[in-house]
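Trainee: Could we go through this model together, with each label set against the rule behind it?

Mentor: Gladly; please put up the sequence and the structure.

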Amino acid sequence: MPTMRPRPRILPLPVPARAARPLATFGVLTTLALGLAACANDTPLTLPVPPDTSNVAEVPADSYPTIGTTPRTGRAPMTDAQRARLQRDLEQVSRDREAKIRSAVDSGN
């Protein structure tokens with residue numbers, strides 16, 4: 001009776017080699033797909049061509065958009081007298097509200 005030899009053990013691939021398989025498969029499939037795409041048309045594949053700028057109209061220098069602040073088109077800024085009056089009115093409203101809240105709190109206790 002012949003003796004049986006043990007089967008050679010197949011060691012698993014290391015992790016980096018296992019991770020490279022899908023990447024290599026993707027590369028081969030991508031190359032095949034691009035090859036088929038090149039054969040699908042009568043014209044050869046070419047690189048993109050930059051646009052022709054010779055027919056662009058000249059733009060006047062003053063028509064460019066402003067970068068930063070825009071010119072004011074609304075109301076004029078407040079004068080010192082108007083600003084002082086607004087400050088006084090706001091302080092008065094604040095005092096009135098505080099008094100109203102204090103009287104509500106005092107009447108509730």
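Trainee: Which residues form a nonpolar patch on the surface?

Mentor: The patch is formed by V28, L29 and L32, which together have about 300 Å² of accessible area. Such areas come from the Shrake-Rupley method with a 1.4 Å probe, and for residues only the protein chains shown count as cover. This is a predicted model, in which local features need pLDDT of at least 70 and side-chain atom pairs count only at pLDDT 80 or more, while totals for chains, interfaces and linings use all residues. Residues are numbered from 1 along each chain as its sequence is written, and side-chain values use heavy atoms, with hydrogens and water left out.

Trainee: What makes residues a patch?

Mentor: Patch residues have over 30% relative accessible area and no salt bridge, with nonpolar side chains (Val, Leu, Ile, Met, Phe, Trp, Tyr) joined within 5 Å and like charges within 9 Å.

Trainee: Why is L29 called exposed?

Mentor: Exposed means over 50% relative accessible area, buried under 20%, and partly exposed in between (1.4 Å probe, protein chains only). L29 has 52% relative accessibility, and therefore counts as exposed. L29 is found in helix α1, residues 15-39, where a helix is a DSSP run of H or I with at least four residues, a strand is a run of E with at least two, and numbering starts from the N terminus. The protein has two helices and zero strands.

Trainee: How do you know that D80 forms a salt bridge with R83?

Mentor: A salt bridge requires a side-chain nitrogen of Lys or Arg within 4 Å of a carboxyl oxygen of Asp or Glu. The closest N and O atoms of D80 and R83 are 3.0 Å apart, and the pair forms a salt bridge. Both residues lie in helix α2 (residues 80-108), three residues apart, about one turn of the helix.

Trainee: Why is D80 called exposed, and why is R83 called partly exposed?

Mentor: D80 has a relative accessible area of 59%, so D80 is exposed, whereas R83 has 45% and is therefore partly exposed.

Trainee: How many salt bridges does the structure hold?

Mentor: The structure holds three. R95 forms one with E91, the closest N and O atoms being 3.8 Å apart, and these residues are four apart in helix α2, so about one helical turn separates them. The side chains of E98 and R102 also meet in a salt bridge, at 3.0 Å from N to O.

Trainee: What makes E98 partly exposed?

Mentor: E98 is at 40% relative accessibility, so E98 counts as partly exposed, whereas R102, with a relative accessible area of 53%, is exposed.
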